Amino acid sequence: MLILYETPVGYCLFKVLDEEKLRSTKNIVTSIDNSEALSQLVELHDFSKFQNVNEAVESTQKLIQSELSGKLMNFLQESVVDKKLKDSLAICDLKLGSKIQDKLGIKCIYDKQLQQLMKSIRSQITSIVGDVSPDEMRTMSRGLSHSLSRHKLKFSPEKVDTMVVQAISLLSDMEKELNIYSMRVKEWYGWHFPELVDLIDDHILYSRIVNFVGVRNNIPKLDLKEFFQNLDTYEEGNEEDVNDTIEQIRSVAKVSMGTEISEDDIMNIQYLASQVVSMAEGRQQLLDYLKNRMTAIAPNLTSLVGEIVGAKLIAKAGSLISLAKHPASTIQILGAEKALFRALKTDHDTPKYGLIYHASLVGQATPKNRGRISRILAAKCALAIRVDSLGEDPDNSLGIRVREIVERKVRQFEERGDYHTNRKVRNSQGGFRNQNIDEEMRNKFKSAYNEENDFDMRRNNPKRNYQNRNDYNDDDDNNFKKRRFNNRK
């Protein structure tokens, strides 16, 4: 019997000298506590040393994934197959053993007794392998662990997810701080020029104007038109609106009810306004970064719900792999856990949506249909997430195709209106009559439910048990009404 043992220095192949003693010993770890006892049981048959750290990292990575590396295949080919040995090979991984048996034809075995023997070999490895010193084994183990950790960090699929989680968390914090700072600018500068708040709604534009104007007495001296034209959001078609805004600012500044402030006050206000502007630019840069990251790691999810909602879902789940493990029902209410548990405790209706509510597809639907649209969208998101996380080089083709399906559903629900909730009554010619159903739908009902196979969907209908309406008479109707009246009593 041969034993395959992997070390940080290389591959070792041991030969069992006394198999009967191995089988008869109950606890090998306690009975073989020194190198002399172990040398009487096993001996080193062959040893293959790694050439460098990169080869050791590659081979170890293959072993972690239960795959057969080229180094190990060549070692077993030269040591076992070429020498035509018929001994079975003891292995510590069943999946790896099956691959070795399929590719090289070596019989592999695995049991608890051999696992205890491998523990004894691990404790006495430096004394059995004479070509490797204890210092070299210790140094190689430390270097391999560091290199393997760097390799995992570099090629881990969750590494990019971590960047997305950090980016969306920072974006949420920046939006909160930006709202607080902008409101503080309006309140602070409002003591000097309170009328400007009613004329400028945008927080960032308000801070830019404060930083550009300063004291309101400078407004007649400044060229506000050139200031608006230098803005990134300026459009040539809005020249009339811009001119009206400038005239209103100049006219209101002459009769403003604000108090006078000193130069130190306006300097600190402008400093805060500049902080708001720089923070807004940083937020836009972070949005572009997040968009590029989401397009790279989850293109289908981004096409469905957008990069912001997709990043929030990934951050809530922890990673893209964890999000792919969630069912569609969990994705639908992800982010509404407090409302869900509160509804379960108080025996109320559970929430219909969580973070997915902010997706554009849910926002397009009417409030009455948002629950159904969110359920459909969550089911499609579950498929898109699994393709993004487990697929090989996925693109956004699936997300675009599924988004068209959901948009078609939204249009169908909007066109139907209250079709499912309207009262359906029987007309004189059979079938159903509904005021909100178009003529084409009504004809379909008439063709489906003719006089020969006539029935009504209403409960407690006495006519449903009759094949022909002529078999139904007034006595049956009276008897049915009496029975129903007695049941209600």
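**Chat on a predicted model**

Q: Where does pLDDT stay under 50, starting with residues 418-437?
A: This is a predicted model. Over residues 418-437 the pLDDT stays under 50. The model has 40 contacts for that stretch beyond four places in sequence. Residues 448-474 are also below 50.

Q: How should coordinates be read where pLDDT is low?
A: Where pLDDT is low, predicted coordinates should not be read in detail.

Q: And what is the mean pLDDT of the chain?
A: The mean is 79. Of the residues, 80% reach 70 or more.

Q: OK, the fold. How many helices and strands?
A: The chain has 25 helices and five strands.

Q: What share of the residues is buried?
A: Buried residues are 37% of the 489 in the chain.

Q: What about the accessible surface of the chain?
A: About 30,000 Å². Carbon and sulfur atoms hold 47% of that.

Q: How much of the contact set comes from residues 24 or more positions apart?
A: They account for 64%, counting contacts in the chain with a separation of 6 or more.

Q: Which residues have the most contacts inside the largest nonpolar core?
A: Y189, F228, L323 and L377. That core has 71 residues. Helix α15, residues 263-297, gives the largest share, with 11 residues.

Q: What other core lies apart from it?
A: One of 45 residues. Its members include Y11, V42, L104 and V132.

Q: What does Q270 contact, leaving aside neighbours within four places in sequence?
A: V210, N211, V213 and G214.

Q: And how are Q270 and F212 placed?
A: Their C-alpha atoms are separated by 8.4 Å. Along the chain the two are 58 residues apart.

Q: Change of topic: α23. What span should its 20 residues have?
A: At 1.5 Å a residue, α23 (residues 397-416) should span 28 Å. The end C-alpha atoms are 29 Å apart, which agrees.

Q: Which residues of α23 are buried?
A: G399, V402, R403, V406, V410 and F413.

Q: What arc do they cover around the axis?
A: Only 110 degrees, so they sit on the same side of α23.

Q: What covers them?
A: The cover includes α16 (299-305), α21 (360-364) and α22 (370-390).

Q: Next, Q332. Buried or exposed?
A: Q332 is buried, because its relative accessible area is 12%. Q332 lies in helix α19, residues 328-332.

Q: What does Q332 touch, not counting residues up to four places away?
A: K352, Y353, G354, I356, G371, S374, R375 and A378.

Q: Last one, H192. Where is it found?
A: H192 is in the loop between α10 (158-190) and α11 (196-199).

Q: Buried or exposed, that H192?
A: Its relative accessibility is 0%, so H192 counts as buried.

Q: Which residues does H192 touch, not counting those up to four places away in sequence?
A: G214, V215 and R216, along with S256, G258, T259, E260 and I261. G214 is also in contact with Q270.

Notes:
Residues are numbered from 1 along each chain as its sequence is written. This is a predicted model: local features need pLDDT of at least 70, side-chain atom pairs count only at pLDDT 80 or more; totals for chains, interfaces and linings use all residues. Side-chain values use heavy atoms; hydrogens and water are left out. Helices (H or I, at least four residues) and strands (E, at least two) are DSSP runs, numbered from the N terminus. Buried means under 20% relative accessible area, exposed over 50%, partly exposed in between (1.4 Å probe, protein chains only). Contact means heavy atoms within 4.5 Å. Accessible areas come from the Shrake-Rupley method with a 1.4 Å probe; for residues, only the protein chains shown count as cover. A nonpolar core is a set of buried Ala, Val, Leu, Ile, Met, Phe, Trp, Tyr and Cys residues joined through side-chain atoms within 4.5 Å. The expected span of a helix is 1.5 Å times one less than its number of residues. The arc is that of the directions from the helix axis to the C-beta atoms. pLDDT is the predictor's confidence in each residue, from 0 to 100.
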